[in-house]
Amino acid sequence: MVNLKKELQKCKHPNSRKTKALSKKARRQNNKHKQRLGHAIKSNILGEKLNWFRERIEGDRQTPLTPEEFEQLINLYLKRFDEELEQISLKQSISKSRNRQHCARQDVIRTTIERESDEYRTGGIELLNLCDSVKFKALKDWDGSAINVQHFKMDLISQNLLRRMKRELEKNTIGENENKT
């Protein structure tokens with residue numbers, strides 16, 4: 001990038017072919033950098049989400065979650081900002097002069113919660129299926145770095161999917177009980 005700046009300064013006319021080629025090259029490098037940055041941000045966000053789930057699972061647990069446990073964990077994840085929202089509303093009720101002091105953070109939290117809960121109810125949240133033993137083990141063995149997030153095969157986990165998994169599990173347990181008797 002530094003060499004491009006020096007070469008652009010050497011160019012005598014702003015509309016020359018060389019100047020246009022160098023500016024095109026600089027734009028292309030800039031766009032590549034922005035794209036790399038976007039991927040890094042996405043993997044960091046996904047890494048934080050997976051790390052939150054990994055911290056909430058018992059440390060010595062080796063079996064995958066049941067659909068009920070996974071649903072409870074997701075509901076807990078959707079309510080992770082409740083305490084912070086309560087603190088903001090408490091601060092706003094105390095100081096009447098600065099009523100909207102933390103409004104930006106409050107709005108970001110509310111939109112995040114609404115978006116994630118809508119995703120969970122409709123299409124699904126992008127997560128690892130922790131009811132699957134292979135993916136559960138992969139999450140437990142994960143070192144926590146955002147670089148390795150790209151190696152995970154993510155699934156869209158929705159409320160309907162977990163309900164179907166519950167029904168299938170119940171049918172399997174009923175079928176096994178009938179076979180034993």
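This is a predicted model: local features need pLDDT of at least 70, side-chain atom pairs count only at pLDDT 80 or more; totals for chains, interfaces and linings use all residues.
Me: What is the volume of the largest pocket, and which residues are closest to its centre?
Reply: The largest pocket has a volume of about 390 Å³. It is lined by 16 residues. The closest to the centre are Ile45, Lys49, Tyr77, Arg80 and Glu116.

Me: How many residues of the lining of the largest pocket are charged?
Reply: The lining of the largest pocket includes six nonpolar residues and two polar ones. The remaining group is charged, and its count is eight.

Me: Which element gives the largest share of the lining of the second largest pocket?
Reply: The second largest pocket holds about 210 Å³ of space. Its lining includes His39, Lys42, Ser43 and Leu46, along with others such as Phe152 and Met154. The largest share, four residues, comes from H2.

Me: How many residues lining the second largest pocket are nonpolar?
Reply: Three of the lining residues of the second largest pocket are polar and two are charged. The nonpolar ones number six.

Me: Where in the protein is confidence highest?
Reply: The average pLDDT is 85, and 96% of the residues score at least 70. Confidence is lowest in helix H1 (residues 2-10), at a mean of 71. The highest mean, 93, belongs to helix H3 (residues 67-78).

Methods. Residues are numbered from 1 along each chain as its sequence is written. Side-chain values use heavy atoms; hydrogens and water are left out. On a 1 Å grid over the protein atoms alone, a cavity is a set of points where a 1.4 Å probe fits but cannot get out, and a pocket is an open set with protein on both sides within 12 Å along at least five of seven lines; lining residues have an atom within 4 Å of a point. Grid points are joined across faces, edges and corners, and a volume is the space filled by probe spheres set on the points. Ala, Val, Leu, Ile, Met, Phe, Trp, Tyr, Cys and Pro count as nonpolar, Asp, Glu, Lys and Arg as charged, and the others, Gly among them, as polar. Helices (H or I, at least four residues) and strands (E, at least two) are DSSP runs, numbered from the N terminus. pLDDT is the predictor's confidence in each residue, from 0 to 100.
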